[in-house]
Amino acid sequence: MEEKLVVHNNLKRLRKTRGIQQKFVAESIGISPNYYCQIENGHRILPTKYLPKIREIFGVTLDEI
């Protein structure tokens, strides 16, 4: 449970500090903006298959996510 909280908080922080909209991230990884919003809010877990694209969008390592 704690890892889930860290991931969704990190995703939100990374996105906001880079001035990226949720819609852009969602469309870039191939999910709906609503689904991505639920991930950032901690209601859903980010599937690992999206991690490579998330890393590319934010320019970070897995540890930073």
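Glycine 19 sits in the loop between α1 and α2, and in this predicted model its relative accessibility is 65%, so glycine 19 counts as exposed.

Is arginine 15 buried or exposed? With a relative accessible area of 10%, which is under the 20% cut-off, arginine 15 is buried. Once its neighbours within four places in sequence are set aside, the residues in contact with arginine 15 are Ile20, Gln21, Gln22, Val25, Tyr36, Glu40 and Phe58. From arginine 15 to serine 28 there are 13 residues in sequence, and the C-alpha atoms of the two are 13 Å apart in space.

Valine 6 and glutamate 64 are 58 residues apart in sequence, yet from C-alpha to C-alpha they are 9.9 Å apart in space. For valine 7 and serine 28, the separation is 21 residues in sequence and 18 Å in space, again C-alpha to C-alpha.

Now to the interior, where I would like to begin with a general remark. In soluble globular proteins, nonpolar side chains tend to be buried together. Here the largest nonpolar core has 16 residues, and those that touch the most other members are Leu11, Val25, Ile29, Ile31, Tyr36, Ile54 and Phe58. Which elements give two or more residues to this core? They are α1, α2 (22-29), α3 (33-40) and α4 (51-58). Isoleucine 54 shows how such a residue is surrounded, for, leaving aside its neighbours within four places in sequence, isoleucine 54 is in contact with Leu11, Val25, Ile29, Tyr36, Leu46 and Ile65.

That brings me to the way the helices pack. Two packed helices are described by the angle between their axes and the distance between the axes.

I will take α2 with α3 to begin with, where the axes are 8 Å apart and the packing angle is about 110 degrees. That angle makes α2 roughly perpendicular to α3. By class, their contact has six nonpolar, one polar and two charged residues. On the α2 side we find Gln22, Lys23, Val25, Ala26 and Ile29, and these meet Pro33, Tyr36, Cys37 and Glu40 in α3.

How do α2 and α4 cross, and at what angle? Their axes come within 10 Å and cross at roughly 135 degrees, which means that α2 is oblique to α4. The crossing of these two helices, α2 and α4, is right-handed. As for the residues involved, Phe24, Val25, Ser28 and Ile29 in α2 meet Lys53, Ile54, Ile57 and Phe58 in α4, and the residues of this contact divide into six nonpolar, one polar and one charged.

Val25 is among the core residues that touch the most other members, it takes part in the contact of α2 with α3 and in the contact of α2 with α4, and it is one of the residues in contact with arginine 15.

Technical notes
Residues are numbered from 1 along each chain as its sequence is written. This is a predicted model: local features need pLDDT of at least 70, side-chain atom pairs count only at pLDDT 80 or more; totals for chains, interfaces and linings use all residues. Side-chain values use heavy atoms; hydrogens and water are left out. Buried means under 20% relative accessible area, exposed over 50%, partly exposed in between (1.4 Å probe, protein chains only). Contact means heavy atoms within 4.5 Å. A nonpolar core is a set of buried Ala, Val, Leu, Ile, Met, Phe, Trp, Tyr and Cys residues joined through side-chain atoms within 4.5 Å. Helices (H or I, at least four residues) and strands (E, at least two) are DSSP runs, numbered from the N terminus. Axes are lines fitted to C-alpha atoms, for helices over the stretch in contact, and angles run from 0 to 180 degrees between N-to-C directions. Angles under 35 degrees count as roughly parallel, over 145 as roughly antiparallel, 65 to 115 as roughly perpendicular and the rest as oblique. A crossing is left-handed if the near helix is turned anticlockwise from the far one by less than a right angle, and right-handed if clockwise. Ala, Val, Leu, Ile, Met, Phe, Trp, Tyr, Cys and Pro count as nonpolar, Asp, Glu, Lys and Arg as charged, and the others, Gly among them, as polar.
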